[in-house]
Amino acid sequence: MVAPDRMGADVAALEGKVAIVTGGGSGIGAAIVRRLVRDGAATVVVDLDLASAQRVADEVREHGRARGAEADVTDEEAVRRAVELAVSEFGGLDIMVNNAGIGEAAEPIDERTAAAWHRVIETNLSSVFYGVKHAARVMKAQGRGGAIINMSSILGVVGFNGAPAYTAAKHGIVGLTQSVALELAAERIRVVSVSPAFIRTPLITGLEERVLPLHPLGRLGEANEVAALVA
């Protein structure tokens with residue numbers, strides 16, 4: 001295994017770039033923010049919880065430029081505003097990380113409500129479409145290419161008992177990414193997905209003992225390892 005600090009971009013390799021990270025107030029998103037800012041990218045930290053977004057932005061500001069922003073990623077207009085904020089605050093957009101997501105309660109499929117289903121699909125999949133759409137709009141207009149990174153999951157390629165909406169959304173992210181990558185390649189905009197296994201974050205609190213045996217290494221992944229891969 002490559003040490004996380006030696007994976008991905010070198011320090012300052014992203015100097016002059018502008019990034020957005022959704023769900024950047026905690027977990028994997030916060031780790032990605034730390035890595036991108038350390039590597040030189042001015043970063044907008046987007047989260048539903050403004051206080052969390054600002055806390056992460058304040059934490060990394062000694063290493064580079066960052067600011068927090070509140071957005072409900074299930075609202076396309078909110079995502080559009082976040083993209084426009086990056087442009088107005090930092091002068092453009094080069095890197096869009098569509099990371100925001102939620103889990104779901106395990107319950108029988110025949111007892112699962114449509115509202116619960118739609119909440120997960122809107123947060124974990126539709127939000128990625130909004131992020132891709134508005135990032136691509138700005139990147140195409142700039143004419144200098146860019147990178148869009150969509151956070152899928154190991155559950156984007158396999159199933160998981162008790163998480164049908166989450167699994168469907170993550171599978172959907174993979175298909176969305178593959179399709180849009182073909183469309184935007186001519187614009188020099190790379191669209192990729194990242195599919196972590198179970199990472200030690202608040203999202204899997206209480207599931208650790210259940211999912212640990214699924215990892216041949218005998219341990220859970222760490223958020224900084226995913227951040228290194230994104231970088």
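The model is a predicted one. Six strands make up an open sheet with parallel pairing, and the largest nonpolar core holds 28 residues. Helix α1 gives the most to that core, with seven residues.

**The sheet**

- The strands of the open sheet follow the order β3-β2-β1-β4-β5-β6.
- At the edges stand β3 (residues 66–70) and β6 (residues 189–194), each of which pairs on one side only.
- From one strand to the next, the twist averages 15°.
- Strands β4 and β5 run parallel and are joined by four bridges.
- Residue N98 has N150, in β5, as its bridge partner.

**Helix α1**

- Helix α1 covers residues 27–38, which is 12 residues.
- From its first C-alpha to its last, α1 reaches 17 Å, close to the 16 Å expected at 1.5 Å a residue.
- Nine of the 12 residues of α1 are buried, so the helix is largely enclosed by the rest of the structure.
- The buried residues are I28, G29, A30, A31, I32, V33, R35, L36 and V37.
- In an α-helix, residues three or four places apart point the same way, because there are 3.6 residues a turn.
- Just after α1, G40 adopts a positive phi of about 110°.

**The nonpolar cores**

- Within the largest nonpolar core, the residues that touch the most other members are I32, L36 and V97.
- At least two residues of this core come from each of β1 (18–22), α1, α2 (50–60), β4 (95–98), β5 (146–151) and α7 (223–230).
- The greatest contribution to this core is that of α1, which supplies seven residues.
- Leaving aside residues up to four places away in sequence, I32 touches V21, V97, N99, M151, A227 and V230.
- There is also a second, separate core of 27 residues, which includes L93, M96, I148 and L184.

**The aromatic pair**

- One aromatic pair is found when the whole structure is searched.
- The pair is formed by F129 and Y130, whose ring centres lie 5.6 Å apart.
- The angle between the two planes is 55°, and the pair is tilted; an angle over 60 degrees would have counted as edge-to-face.
- F129 is partly exposed, with a relative accessible area of 40%, whereas Y130 counts as buried at 13% relative accessibility.

Technical notes. Residues are numbered from 1 along each chain as its sequence is written. This is a predicted model: local features need pLDDT of at least 70, side-chain atom pairs count only at pLDDT 80 or more; totals for chains, interfaces and linings use all residues. Side-chain values use heavy atoms; hydrogens and water are left out. Rings of Phe, Tyr and Trp (its six-membered ring) pair if their centres lie within 6.5 Å; planes under 30 degrees apart count as stacked, over 60 as edge-to-face and the rest as tilted. Buried means under 20% relative accessible area, exposed over 50%, partly exposed in between (1.4 Å probe, protein chains only). The expected span of a helix is 1.5 Å times one less than its number of residues. A nonpolar core is a set of buried Ala, Val, Leu, Ile, Met, Phe, Trp, Tyr and Cys residues joined through side-chain atoms within 4.5 Å. Contact means heavy atoms within 4.5 Å. Two strands pair if DSSP finds at least two bridges between them. Axes are lines fitted to C-alpha atoms, for helices over the stretch in contact, and angles run from 0 to 180 degrees between N-to-C directions.
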